[in-house]
Amino acid sequence: QVQLVESGGGLVQAGGSLRLSCAASGRTFSSYTMGWFRQAPGKEREFVAAISRTGGNTYYADSVKGRFTISRDNAKNTVYLQMINLKPEDTAVYYCAASYRAYGGDCYSEGCYGYWGQGTQVTVSS
């Protein structure tokens, strides 16, 4: 019931910055908890960051805490991932995902994310 399209990936040197965007369409954007995940070659997909429906709560993987910031603009139906001080180990395809609960409230477990974007490549060179 929601379509997600990521953008903003690219090639950056270690220590650089990128901002990823995820544009949503379909059901009301503010009804969804939003998350970012990433998958490196040969690795399992891993959680990166999540944000509550209103943006009041955020959560981060330890590996990105202090370097990445998730935010959302519900008026623009968009969620962002600002990444600074990028490291080669951040290289991956980054996906945004949407979690929905009809009764309200936020659900952050991976099983709650029923909608996924196509991904955008982030490559960090040494």
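# Core and disulfides

The largest nonpolar core holds 29 residues, and Met-34, Trp-36, Leu-81, Met-83 and Tyr-94 touch the most other members. Strands β1 (2-7), β3, β4 (32-39), β5 (46-51), β7 (68-73), β8 (78-83), β9 and β11 (120-125) each give two or more residues to this core. The model is predicted. A search of the whole structure finds 2 disulfides.

**Around the core**

- Tyr-94 is among the core residues that touch the most other members.
- Beyond four places in sequence, Tyr-94 contacts Leu-20, Trp-36, Phe-37, Val-48, Phe-68, Leu-81, Met-83 and Val-122, among others.
- The contacts of Tyr-94 also include Glu-6, Arg-38, Gly-119 and Thr-120.

**Disulfide Cys-22 to Cys-96**

- The sulfur atoms of Cys-22 and Cys-96 lie 1.9 Å apart and form a disulfide.
- This link is right-handed, with 45° about the S-S bond.
- Cys-22 sits in strand β3 (residues 18-26) and Cys-96 in strand β9 (residues 92-100), so the bond ties together parts 74 residues apart in sequence.
- Cys-22 is buried, and so is Cys-96.

**Disulfide Cys-107 to Cys-112**

- Cys-107 is joined to Cys-112 by a disulfide, with an S to S distance of 1.7 Å.
- The torsion about this S-S bond is about 45°, so the link of Cys-107 and Cys-112 is right-handed.
- Cys-107 has 14% relative accessibility and therefore counts as buried.
- Cys-112 has a relative accessible area of 8%, so Cys-112 is buried.

**Pairing pattern**

- Counting bonded cysteines along the chain, the disulfides follow the pattern 1-2, 3-4.

**Ser-21 in strand β3**

- Ser-21 is part of strand β3, the strand that also holds Cys-22.
- Ser-21 has 16% relative accessibility, and buried means under 20%, so this residue counts as buried.
- Leaving out residues up to four places away in sequence, Ser-21 touches Val-5, Glu-6, Ser-7, Trp-36, Thr-78, Val-79 and Tyr-80.

Methods:
Residues are numbered from 1 along each chain as its sequence is written. This is a predicted model: local features need pLDDT of at least 70, side-chain atom pairs count only at pLDDT 80 or more; totals for chains, interfaces and linings use all residues. Side-chain values use heavy atoms; hydrogens and water are left out. A disulfide is a pair of cysteine sulfur atoms within 2.5 Å. Helices (H or I, at least four residues) and strands (E, at least two) are DSSP runs, numbered from the N terminus. Buried means under 20% relative accessible area, exposed over 50%, partly exposed in between (1.4 Å probe, protein chains only). Contact means heavy atoms within 4.5 Å. A nonpolar core is a set of buried Ala, Val, Leu, Ile, Met, Phe, Trp, Tyr and Cys residues joined through side-chain atoms within 4.5 Å.
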